Amino acid sequence: MVSGGPASGRSTAQSMAGRVVPDGLRSFLTTESGSTLVLLAATVAGLVWANSPWGDTYDTFWHTDLSLHLGDQAFALDLKHWVNDGLMALFFFVVGLEISREVKVGQLRDRRLIAVPVMAALGGMIVPALIYFTLNAGGEGAHAWGIPMATDTAFVLGLLAVIGTRCPEPLRAFLLTLAVVDDVGAILVVAIFYTEDLSVPALLLAIVLVGLIVALRWFNIWRAPAYVLLGVGVWAAMVESGVHPTLAGLLLGALVLVYAPSDHKALRAGELVQQLSRDPSPELAREATRSVQRIVSVNERLQLRLHPWTSYVIVPIFALANAGVKLDGETLREAATSPITIGVALGLLLGKFVGITLGTWIPLRLNWGDLPGNLVWGQLFGGAAVAGIGFTVSLFITDLAFSDDQELMSQAKIGILAGSILSAMLGWLIFRLAWNRGAVCAPPRLPDERDVEPEPLPPVTADDHALGPADAPVTVVEYGDFECPYCGRAEETLVRLRERYGDEVRFVFRHFPLREIHPRAVPAALVSEAAADHGLFWEMHDRLFRNQLALTDADLTRYAREFGIDNPWADIDRHRDRVNRDLDEGERSGVMGTPTFFINGTIYEGDYDLASFSAAIDAELQRRPS
């Protein structure tokens with residue numbers, strides 16, 4: 001859903017806390033998509049190495065033992081398991097950090113915003129697994145149904161970066177939320193279904209160590225060495241327990257302290273810095289440094305430090321260690337008829353597309369949640385298709401499912417490569433042909449669905465944005481949102497109405513940005529108010545509606561400068577007050593979504609086509625005294 005409507009029913013002003021894509025989320029997107037080329041290069045390198053004349057050295061190298069000795073005690077793993085069990089635990093630690101941040105201070109706090117991507121992620125895990133299991137039931141690869149469940153965030157975001165403006169930022173945020181849920185589901189599947197030879201004492205030790213970490217937090221003991229030592233202990237205990245240690249990484253990341261920046265901490269830090277500048281001392285410098293650091297939570301500071309390492313180093317190393325599969329004629333012929341290869345490929349290509357699409361449609365249909373931003377079905381179909389790029393976690397589960405059978409492992413890896421490539425091609429085709437088709441939103445609900453009787457519409461004043469004479473017999477007031485696709489379509493009708501009726505109708509525009517659903521609506525409204533200060537509201541109004549898919553801060557600033565406005569954000573507080581005033585008045589008058597029209601103070605309940613609007617206006621004109 002993008003605008004409020006009978007089917008959606010919840011695009012109300014009460015649920016619209018101001019929010020665009022969070023800074024942390026945007027940073028995550030940038031790092032993930034920027035590391036795609038490195039990951040792709042590592043994947044190609046792994047394939048080339050495994051198929052080169054020195055291909056035998058690939059397995060030999062990655063199965064080289066590396067051990068740690070302390071007296072008579074030794075801890076040994078081969079290089080591949082150091083990567084898969086050790087380095088990837090750090091990768092999932094960062095995933096846990098991101099989950100914790102989003103749940104406590106980010107987008108995942110809002111039940112309605114997470115309902116749709118969570119359901120989409122569940123559909124995108126269940127349907128691929130069912131397709132794979134159906135094709136492999138009773139066979140030697142039946143237990144590997146978890147392989148096509150996962151989406152590779154880095155490859156997906158990298159492809160979306162190539163697609164560009166046809167994939168809006170709210171879709172990237174939607175897919176990232178989906179991928180977070182997907183990662184959690186994959187790790188739970190690994191922990192529950194791919195754990196062998198469980199050691200209860202080692203597992204109990206891991207639980208005790210996690211309890212000690214929680215206790216340290218409870219008693220406000222913040223000593224990094226203690227947490228590092230306990231964290232390493234949890235990981236080692238998980239390795240010995242038989243539960244895959246990446247679960248330890250996810251759990252430890254979720255336990256790291258996170259909080260929203262507070263004005264009190266920022267002011268305190270500022271005071272200490274000023275005091276340091278007046279009277280420098282080592283003690284004051286240390287206190288000021290700590291105070292500045294505490295403005296941002298440990299969680300976010302760790303993400304800043306670790307995310308580039310996991311994205312640019314750890315995941316590419318993982319790809320290099322796991323992507324190497326021989327692609328000779330015999331292997332490809334076997335894969336072409338292998339139910340494992342076909343099941344993985346179809347699970348990624350078809351299962352992800354169908355599962356995510358159904359998982360998106362069902363909660364929207366049942367009014368369980370909302371979508372972020374001005375998304376249409378063409379964009380969601382494209383996102384569902386590219387989510388079939390399953391690489392990192394799919395290879396991870398492949399290694400666990402077929403650790404004792406290299407032939408079956410090769411067939412699964414070929415299925416992953418084929419399914420991922422075909423999913424990327426399908427997504428690119430959809431974004432190419434249907435990226436702007438199929439609006440998800442529905443017309444607004446009517447005021448009689450509210451529990452509170454709406455107030456009369458505030459009268460039009462000189463402060464309103466109006467076109468037409470003040471004494472016109474008919475006044476049409478629109479509560480609109482510059483990012484709403486229905487408002488954009490209705491604008492075409494309004495232009496024709498102005499041409500048809502001339503001075504007989506006065507048109508008024510009032511702001512009603514659906515902040516949670518259309519993250520660029522508020523900045524667009526603020527820029528239109530900046531233009532109004534220069535007598536250019538309607539010129540900016542028309543420009544914004546013509547460019548609904550290009551409303552970034554850079555776009556809005558460029559539009560303003562084209563109208564001779566150097567800094568459209570200079571008086572942002574006053575403009576925000578004006579937008580909020582329109583919003584509050586609209587809520588009290590019964591506005592539930594966008595666009596909502598009033599004709600001579602009465603809400604218009606008809607369609608937005610020229611004939612329906614004209615009939616309503618003609619009826620008002622006939623009522624005027626002769």
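In these legends, a contact means heavy atoms within 4.5 Å. The model shown here is predicted.

**Figure 1. The whole chain, to get your bearings.**

**Figure 2. Arg 578 and the residues around it.**
This view goes to helix H23, residues 572–588, where you'll find Arg 578. Is Arg 578 buried or exposed? The cut-off for buried is under 20% relative accessible area, and Arg 578 has 9% relative accessibility, so it counts as buried. Leaving aside residues up to four places away in sequence, Arg 578 touches Asp 463, Asp 464, His 465 and Glu 529.

**Figure 3. Phe 537, another look at His 465 and Glu 529.**
Phe 537 belongs to helix H21. With 4% relative accessibility, Phe 537 counts as buried. Which residues does Phe 537 touch, if you skip those up to four places away in sequence? They are His 465, Phe 482, Phe 509, His 511, Ser 528, Glu 529, Ala 531 and Ala 532. Take His 465 from that list: 72 residues separate it from Phe 537 in sequence, yet their C-alpha atoms are 7.4 Å apart in space.

**Figure 4. Glu 491 in helix H19.**
Helix H19 covers residues 485–501, and Glu 491 is part of it. Glu 491 counts as buried, at 7% relative accessibility. Its partners, not counting residues up to four places away in sequence, are Glu 478, Arg 498, His 541, Asp 542 and Phe 545. Look for Tyr 608 as well: it is 117 residues from Glu 491 in sequence, with 9.2 Å from C-alpha to C-alpha.

**Figure 5. Helix H22 and what covers it.**
Helix H22 spans residues 553–562, and its buried residues are Asp 555, Leu 556, Thr 557, Tyr 559 and Ala 560. What lies over them includes helix H20 (521–532) and helix H21 (537–546). Just past the end of H22, Gly 564 has a positive phi of about 85 degrees.

**Figure 6. The nonpolar cores.**
The largest nonpolar core is made of 98 residues, and the ones with the most contacts inside it are Ile 147, Leu 160, Phe 174, Val 234, Val 386, Phe 391 and Phe 402. Helix H7 (residues 169–193) gives the most to this core, putting in eleven residues. A separate core of 23 residues lies apart from it, and Cys 484, Val 522, Leu 551 and Ala 560 are among its members. Zoom in on Val 386: ignoring residues up to four places away in sequence, it touches Val 156, Leu 159, Leu 160, Leu 175, Ser 423, Gly 427 and Phe 431.

**Figure 7. Helices H8 and H9 side by side.**
To describe two packed helices, you give the angle between their axes and the distance between the axes. For helix H8 (residues 200–218) and helix H9 (residues 224–241), the angle is about 160 degrees and the axes are 8 Å apart. That makes H8 roughly antiparallel to H9, since angles over 145 degrees count that way. The crossing is left-handed. On the H8 side, the contact residues include Leu 205, Leu 209 and Ile 213, while those from H9 include Tyr 227, Leu 230 and Val 234. Sorted by class, this contact of H8 with H9 has 15 nonpolar, three polar and two charged residues.

**Figure 8. Helix H15 and two partners.**
Helix H15 (residues 339–365) meets helix H16 (residues 377–386), with axes that come within 8 Å and cross at roughly 140 degrees. How do H15 and H16 lie relative to each other? They are oblique, and their crossing is right-handed. Phe 353, Ile 356 and Trp 361 are among the contact residues of H15, and Trp 377, Leu 380 and Phe 381 are among those of H16. By class, the contact of H15 with H16 has nine nonpolar residues, two polar and one charged.

Now for the other partner. H15 packs on helix H18 (residues 406–434) at an angle of about 25 degrees, with the axes 7 Å apart. These two are therefore roughly parallel, and H15 and H18 also make a right-handed crossing. The contact of H15 with H18 has 14 nonpolar and six polar residues, but no charged ones.

Notes. Residues are numbered from 1 along each chain as its sequence is written. This is a predicted model: local features need pLDDT of at least 70, side-chain atom pairs count only at pLDDT 80 or more; totals for chains, interfaces and linings use all residues. Side-chain values use heavy atoms; hydrogens and water are left out. Axes are lines fitted to C-alpha atoms, for helices over the stretch in contact, and angles run from 0 to 180 degrees between N-to-C directions. Helices (H or I, at least four residues) and strands (E, at least two) are DSSP runs, numbered from the N terminus. Angles under 35 degrees count as roughly parallel, over 145 as roughly antiparallel, 65 to 115 as roughly perpendicular and the rest as oblique. A crossing is left-handed if the near helix is turned anticlockwise from the far one by less than a right angle, and right-handed if clockwise. Ala, Val, Leu, Ile, Met, Phe, Trp, Tyr, Cys and Pro count as nonpolar, Asp, Glu, Lys and Arg as charged, and the others, Gly among them, as polar. A nonpolar core is a set of buried Ala, Val, Leu, Ile, Met, Phe, Trp, Tyr and Cys residues joined through side-chain atoms within 4.5 Å. Buried means under 20% relative accessible area, exposed over 50%, partly exposed in between (1.4 Å probe, protein chains only).
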